[in-house]
Amino acid sequence: MKLQLTLAMTALVSLYSATTLAAGDAAKGKTLYATCGACHGANGEGMEALNAPKLAGQEEWYVIRQLQNFKGGIRGANPKDTYGMQMAPMSQTLPNDQAMADVAAYIKSLAK
Ligand code: HEC
């Protein structure tokens, strides 16, 4: 029981640090977003014809987690996940967590 609690705490702490490690820079994210706009729309409005959802205004922590999942092969790696497989290679254009945070900050700002 004590061990389980310790494990749970450790998991929480690592989750916390994963989402807070880098504050996104929306200005840098704008440059990174140039590629994304081709499918998700210049203003993140989404493009149904390309199956690319609206991103504008989405929470930064959620966008970062999805990008990490795509890049880490958790999402978009199954051949049955047709649309996820279109997005997965795009996540590879973001070199690191900072780049993900930057693009997420820009995406969040698009709602304004
Ligand atoms: C080739 C077209 C294409 C490009 C370019 C593209 N995406 Fe996507 N993206 C998609 C598709 C299609 C989906 C939907 C995947 C699914 O249905 O699971 C998606 C899904 C996403 C999601 C998940 C949304 C959610 O609500 O879960 C995020 C976040 C995302 N894209 C961000 C980006 C970012 C950031 C870039 C630029 C680095 C980018 N995309 C470039 C096609 C693209």
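Author: A residue is called buried under 20% relative accessible area, exposed over 50%, and partly exposed in between, with a 1.4 Å probe and protein chains only. The model discussed here is predicted: local features need pLDDT of at least 70, side-chain atom pairs count only at pLDDT 80 or more, and totals for chains, interfaces and linings use all residues. Residues are numbered from 1 along each chain as its sequence is written, and side-chain values use heavy atoms, without hydrogens or water.

Reader: Why is Cys 39 called partly exposed?

Author: Cys 39 has 34% relative accessibility, so it counts as partly exposed. Cys 36, at 23%, also counts as partly exposed.

Reader: How many disulfides are counted?

Author: A disulfide is a pair of cysteine sulfur atoms within 2.5 Å. By this rule the count is 0.

Reader: Which residues coordinate the iron atom of the ligand?

Author: His 40 (NE2) and Met 87 (SD) do, at 2.0 to 2.1 Å. Donors are N, O and S atoms within 2.8 Å of the metal (3.2 Å for Na, K and Ca); water is not among the atoms, so sites may look incomplete. Both His 40 and Met 87 are buried.

Reader: What makes the arrangement around the iron atom octahedral?

Author: Six donors count as octahedral if opposite donors are over 155 degrees apart and all others between 65 and 115. The 6 donor atoms here subtend angles of 87 to 179°, which makes the arrangement octahedral.

How values were computed:
Tetrahedral: all angles 85-135°; square planar, octahedral: opposite > 155°, others 65-115°.
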